[in-house]
Amino acid sequence: YRGVNMLSNNIIYTQNNIIYVNYNGVFCEQSAARFEKNFRSIVNARNKHTFSILEDISYLEGATPEAFIILNNVNKWLLTQELICKAYIHEECVYTSIMKHHVPVLNGINTAFFIEKSSALQWINGQSTGFNVLREAL
């Protein structure tokens, strides 16, 4: 994998046109700030090429209000990038409500929540294919 970064207990890596983010433990202001810096660097290195994001929050134990503010700002910034879609993985459906409540900008991003990685990847691939067909038509 290219671009592996350990962020406290979080890992970001890229493979093909997907940026993978794995969260572990508690996400606090300090780890969120480190995440933001490294994540923006990885996105900027894509040189305006389209990409999707797969975030595995299965092992996330929680996040502080300050961390959610940073995540919301990162997602606002993603609206200005070449993001196609964003998929989250977690077995607990309550996280969908928590994320949408604390990161309201997600409502403006093509986002879906899944229990299994394979389903998330299938959805991402479908979104990417549809995006590229639409883009070619323009």
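Visitor: What covers the buried residues of α2?

Guide: This is a predicted model, in which local features need pLDDT of at least 70, side-chain atom pairs count only at pLDDT 80 or more, and totals for chains, interfaces and linings use all residues. Residues are numbered from 1 along each chain as its sequence is written, and side-chain values use heavy atoms, with hydrogens and water left out. Buried means under 20% relative accessible area, exposed over 50%, and partly exposed in between (1.4 Å probe, protein chains only). Contact means heavy atoms within 4.5 Å. In this structure, the cover of the buried α2 residues includes β3 (18-27), α1 (29-44), β4 (51-63), β5 (83-89) and α3 (94-102).

Visitor: Which residues of α2 are buried?

Guide: They are A67, F68, I70, L71, N72, V74, N75, W77 and L78. K76 is also found in helix α2. With a relative accessible area of 46%, K76 is partly exposed. The C-alpha atoms of K76 and V105 are separated by 6.2 Å, though the two are 29 residues apart along the chain.

Visitor: What should the 14 residues of helix α2 span?

Guide: The expected span of a helix is 1.5 Å times one less than its number of residues. For α2 (residues 65-78) that gives 20 Å, and the end C-alpha atoms are 20 Å apart, so the two agree.

Visitor: How do I read the order of the elements?

Guide: Helices (H or I, at least four residues) and strands (E, at least two) are DSSP runs, numbered from the N terminus. Here there are four helices and six strands. Their order from the N terminus on is β-β-β-α-β-α-β-α-β-α.

Visitor: And the protein as a whole?

Guide: It has 138 residues, and 43% of them count as buried. Take the contacts between residues at least 6 apart in sequence: 74% join residues at least 24 apart. Accessible areas come from the Shrake-Rupley method with a 1.4 Å probe; for residues, only the protein chains shown count as cover. The accessible surface comes to about 7,500 Å², with 51% belonging to carbon and sulfur atoms.

Visitor: How many aromatic pairs does the structure hold?

Guide: Rings of Phe, Tyr and Trp (its six-membered ring) pair if their centres lie within 6.5 Å; planes under 30 degrees apart count as stacked, over 60 as edge-to-face and the rest as tilted. The structure holds seven such pairs. Y13 and Y20 are stacked, 4.8 Å centre to centre with 5° between the planes. Both Y13 and Y20 are buried. F114 and W123 are tilted, at 5.7 Å centre to centre and 45° between the planes. F114 and W123 are buried too. Ring pairs also link Y23, F27, F35 and F39 into a cluster.

Visitor: Is T111 buried or exposed?

Guide: T111 is buried, with a relative accessible area of 18%. T111 lies in strand β6 (residues 111-114). Leaving out residues up to four places away in sequence, T111 touches K86, Y88, L106 and W123.

Visitor: Which residues lie nearest the centre of the largest pocket?

Guide: Rolling a probe the size of a water molecule over the atoms shows where empty space is left. On a 1 Å grid over the protein atoms alone, a pocket is an open set of points where a 1.4 Å probe fits, with protein on both sides within 12 Å along at least five of seven lines; lining residues have an atom within 4 Å of a point. The largest pocket is lined by 13 residues, and N17, I18, I124, N125 and S128 lie nearest its centre. Elements giving two or more residues to this lining are β3, β4 and α4 (117-137). α4 gives the most, with four residues.
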